[in-house]
Amino acid sequence: HPRSANRLTRIAHRPGMLTGLLVSRIARQPVNSRGLSCVAVDYRSKRRNLSSEISASTWPEAIILLIRFIVPFRECRRFPQSTATRLFDQEYSGVVHRSEKKHQDNLKRQRKLADKTRRARVSGQTAPASSEIVKLAASGQTEQALAAARQLTQQTPTAWQAWNLLATIQDHLRLHEEAESSFRAVTQLAPERSEGWHGLGRVLCSRHSTGEAISCLHKAAEIVGDDVAILRDLSRTFLVAGNVTAAYDTIEHAKELAPLCPEVWNMVGMVAQQKEDIEEAAVAFCRAAELKPTLVDAWANLGECLRVLGDLEQSQQMLNRALELDPQHANALGFAGMLATMQGQRPRAIELLRAALAKNPRYRLFRLQLARSLAANGEVEESLENLNHLEQRFGEQPDILFERAGIHTLLCQQELSRPLLDKILHREPNHLMARVRRGLLVPQIARDTQ
């Protein structure tokens with residue numbers, strides 16, 4: 001207490017009273033002040049240093065300092081005055097050394113506190129504007145929110161919170177290149193924060209830079225420990241990278257940490273899909289939808305699983321539920337388009353697939369299905385454009401080459417179709433459909449020759 005500290009400082013100039021007071025307090029019994037006379041005599045030569053030391057110390061440090069001076073001399077009447085002086089000097093020098101170390105530790109703590117205060121002040125400057133930007137984004141005015149977030153970063157270029165908000169909006173709008181740049185700014189301004197590394201890893205995964213994405217997500221996990229959201233995104237990144245085993249182990253760990261998290265169950269289903277265990281995936285998606293009935297991803301993925309299992313009626317109901325919740329959901333639109341293809345509704349399938357790719361142009365499965373449906377509908381040029389887009393991004397993969405060979409076959413361009421099928425069979429000799437189509441080309445070429 002400040003009053004006690006001041007009183008203690010004043011008493012320090014009267015050593016006899018000081019020693020008798022403190023020793024009696026500690027021992028909880030009366031002390032003969034005459035027995036401490038030798039300490040008082042030797043203490044007079046030290047009292048000014050002790051008084052200044054107390055004045056420069058905090059209250060706990062002063063208590064520790066004085067107690068360590070006095071307690072060893074409680075029975076000092078047994079020793080000659082010179083012995084008491086020697087013991088006092090040894091004790092005093094040790095306390096001063098420890099006090100100096102504590103003083104340096106206090107300075108370090110003060111510097112850390114000042115740094116936190118500065119960051120809090122910057123955060124306080126961005127907080128009002130950030131809340132307005134969040135309100136704009138929540139109300140659907142994403143373009144206005146994006147412009148306001150960019151302006152906020154110009155006003156406070158050193159505030160990592162402003163850059164993190166801008167990056168989040170850019171990621172929501174699928175401006176992945178800009179979001180990556182903004183998240184990198186967050187990691188530079190606040191490398192000790194997990195938000196920047198987590199967001200950067202998520203964006204890099206969307207751009208299929210899986211190696212760096214995994215590294216960033218690991219850094220985020222090191223900072224905050226076992227965070228379910230980070231583990232979920234890390235599992236998704238492993239899945240994109242083709243490491244199904246790592247994805248399974250990661251999401252199982254997340255499920256142990258949060259067994260009632262719907263997003264985790266949705267990811268469990270996605271991993272099961274990659275393992276081609278469709279029934280297990282359907283059960284996981286059902287669990288996710290049960291835990292959170294407004295989770296659109298769960299309803300859309302469940303509808304896709306039911307489509308693959310052949311239950312088209314139930315699949316249609318699940319996808320309708322997903323589109324009721326979010327009519328612009330890319331996965332729900334794409335899965336509905338694939339279902340319409342199986343139901344023979346080709347124009348509706350093309351419309352839905354185009355809408356899905358407008359929301360998510362990077363979805364490979366939907367673009368491949370759109371190219372296939374367009375070719376079957378006679379819209380060959382647009383079909384080839386979609387295949388060219390896929391080849392530029394993923395290379396000459398067998399399923400892409402197979403669809404291109406099919407288009408050339410429809411156009412009676414067997415001389416272009418045959419080398420593509422040969423390339424597929426060279427890579428995958430057991431590709432059944434390529435072998436069938438390659439065999440059907442032989443009589444066709446013979447008729448053309450005749």
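Biologist: Helix 16 and helix 17: roughly parallel or roughly antiparallel to each other?
Modeller: Roughly antiparallel, because the axes of helix 16 (residues 296-309) and helix 17 (residues 312-325) cross at roughly 160°. Angles under 35 degrees count as roughly parallel, over 145 as roughly antiparallel, 65 to 115 as roughly perpendicular and the rest as oblique. The two axes come within 8 Å. Bear in mind that this is a predicted model: local features need pLDDT of at least 70, side-chain atom pairs need 80 or more, and totals for chains, interfaces and linings use all residues. Numbering starts from 1 along each chain as its sequence is written, and side-chain values use heavy atoms, without hydrogens or water.

Biologist: How is an axis drawn, and what counts as a helix?
Modeller: An axis is a line fitted to C-alpha atoms, for helices over the stretch in contact, and angles run from 0 to 180 degrees between N-to-C directions. Helices are DSSP runs of H or I, at least four residues, numbered from the N terminus.

Biologist: And which hand is the crossing of helix 16 and helix 17?
Modeller: Left-handed, meaning the near helix is turned anticlockwise from the far one by less than a right angle.

Biologist: What about helix 7 and helix 8?
Modeller: Helix 7 (residues 142-155) packs on helix 8 (residues 160-172) at about 150°, with the axes 9 Å apart. That pair is therefore roughly antiparallel, and helix 7 passes helix 8 in a left-handed crossing.

Biologist: New topic. Where is Arg232, and is it buried or exposed?
Modeller: Arg232 sits in helix 12. Arg232 counts as buried because its relative accessible area is 17%; buried is under 20%, exposed over 50%, partly exposed in between (1.4 Å probe, protein chains only).

Biologist: How far apart are the C-alpha atoms of Arg232 and Asn266?
Modeller: They are separated by 9.7 Å, with the two residues 34 apart along the chain.

Biologist: What is the phi of Glu276?
Modeller: Near 65°, which is a positive value in a residue other than glycine. Most residues other than glycine have a negative phi.

Biologist: Where is the place of Glu276?
Modeller: Glu276 is in the loop that joins helix 14 (262-274) to helix 15 (278-291).

Biologist: Is Glu276 buried or exposed?
Modeller: Exposed, because its relative accessibility is 71%.

Note on methods
Helix = DSSP H or I, 4+ residues; strand = E, 2+ residues; numbered from the N terminus.
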